[in-house]
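Please look over the structure below before reading on. The points that follow are meant for someone who has not seen it before.

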Amino acid sequence: IIKDDNFYMDESSLTGESIPVKKTSAPLKNAETQVYKAVNIVFMGTTVSEGSARGIVISTSKNTEIGKIAKLTVETPSTSGFEKHINKFSKFILILTSVTLVVVFLAHLLIEGSGNVSIPDLALFSIALAVGVIPEALPLVTTFSLTQGALKLAKKKVVAKRLSAIEDLGSIEILCSDKTGTLTENSLSVSEIFSEDEEKVLYYSALAGDLSGSKRTANNSFDLAIFKKIGRLEVGKLKKVERLSENPFNPLRRRNSVMVKIGSKNLIIVRGAQENILPFVKGISKQKEKEIFQWVLEQGKKGRRIIAVATKEFTGDDYDVADEEHDLEFGGLISFSDPVKTSTKEAVKKAQELGVKIKIITGDSVEVAGAVAYEVGIAKSTSEVISGFDFENM
């Protein structure tokens, strides 16, 4: 990227995560070993979610990141375990038959004597013996058996692309699964609220969201979760509230704000990362700070994302960033999670009963992966997680 304007990309096709990623034309301070962390590069196969940018193409086709993945899928040998066993069995029969023929041939020569043995007759006998020993019906029996398995799977809405894979399905010892959209719903939902007035916090947070629904913004995932929580009827009422001005979400400030008219008062609502809002809040006691910190810590251990909401009465009709950085009143905190699918826990339990170990491979954070693994019963502790960086260094 050589030029950008509030530019966000949806990289879910590569990383599996639907939350847009902020991109920039600024050079990275340090070289990134993980290419997806290079925020000044846009990847083929991903889509623009907000803003605009200009860039220079540096890779095409098989040299792109998604091209490398496609190349791996084509070039990686796909010999199944079943095929390996069949090949091994066939090789054993071939060796056994060859050794037997040699022994039979030599035995005739020793017993009958070289002068009394008809070489053509003995050769014909050896060929007939070989034909009788080699199980020529094996491919037919194997194919018929696997076809029966494919039919049973098809009745359960499972289509096998290769017949030999059917036998492998019954031999699985370790099953690697993605997290987002596979074990979870791939949509944020409101989990918990830390506030003395939960309804008011949701109300103010929704007012600070994108009520137009005309575009996908960087905070869209949070907005959708909040709107779902409060219901369509309430969202309709919120649209009638007069919005005087706003400061859009900024990745450096990590917050957005709006000024709305409620009754005769102008109210600034600030919403974003708690560490970028709480320092500007007034009148929080030490005990309250301790409670907030403890709550944030607990939510973090569960792998949840958190936003803070604060408000401020304002006398003017317009405001700037400086006005939202002092004398704010604490509204509350909202935590969000990507809920586990209702069928996940039962599926994991069945797999474990069958002796199949399940591993999660995800592009999400260590904390989120650990929390989901613990919740569905894959891990006994949230600490049973290893990062890709550590794994590559082994």
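**Notes on the model**

1. In the pairing of strands, I193 stands opposite I334 of β10. The strands concerned are β5 (residues 189-194) and β10 (residues 329-337), which pair in the antiparallel sense over five bridges. Strands here are DSSP runs of E of at least two residues, helices are runs of H or I of at least four residues, and both are numbered from the N terminus. Two strands count as paired if DSSP finds at least two bridges between them.

2. This is a predicted model, in which local features need pLDDT of at least 70 and side-chain atom pairs count only at pLDDT 80 or more, while totals for chains, interfaces and linings use all residues. Residues are numbered from 1 along each chain as its sequence is written, and side-chain values use heavy atoms, with hydrogens and water left out.

3. Strand β10 is also joined to β9 (residues 305-314), by seven bridges, and these two run antiparallel. Here S335 of β10 has I306 opposite.

4. Where does R255 lie, and is R255 buried or exposed? R255 is in strand β7 (residues 255-262). With a relative accessible area of 3%, R255 is buried (buried means under 20%, exposed over 50%, partly exposed in between, with a 1.4 Å probe and protein chains only).

5. The side chain of R255 makes a polar contact of 2.7 Å with that of E324 and another of 2.6 Å with that of E325. A polar contact is a pair of N or O atoms within 3.5 Å; within protein, one must be able to donate a hydrogen and the other to accept it, and residues adjacent in sequence count only if both atoms are side-chain atoms. Beyond four places in sequence, the residues in contact with R255 include F249, V270, F280 and V321 (contact means heavy atoms within 4.5 Å).

6. Two residues deserve a check of their backbone angles. Most residues other than glycine have a negative phi. S61, which is not a glycine, has a positive phi of about 50°; S61 lies in the loop between β3 (47-54) and α2 (65-75) and is exposed, at a relative accessible area of 52%. K157 has a phi near 65°, also positive in a residue other than glycine. K157 is in the loop between α5 (138-155) and α6 (164-169), and K157 is exposed, with a relative accessible area of 80%.

7. I56 is another residue of the loop between β3 and α2, and I56 is exposed, with a relative accessible area of 59%.
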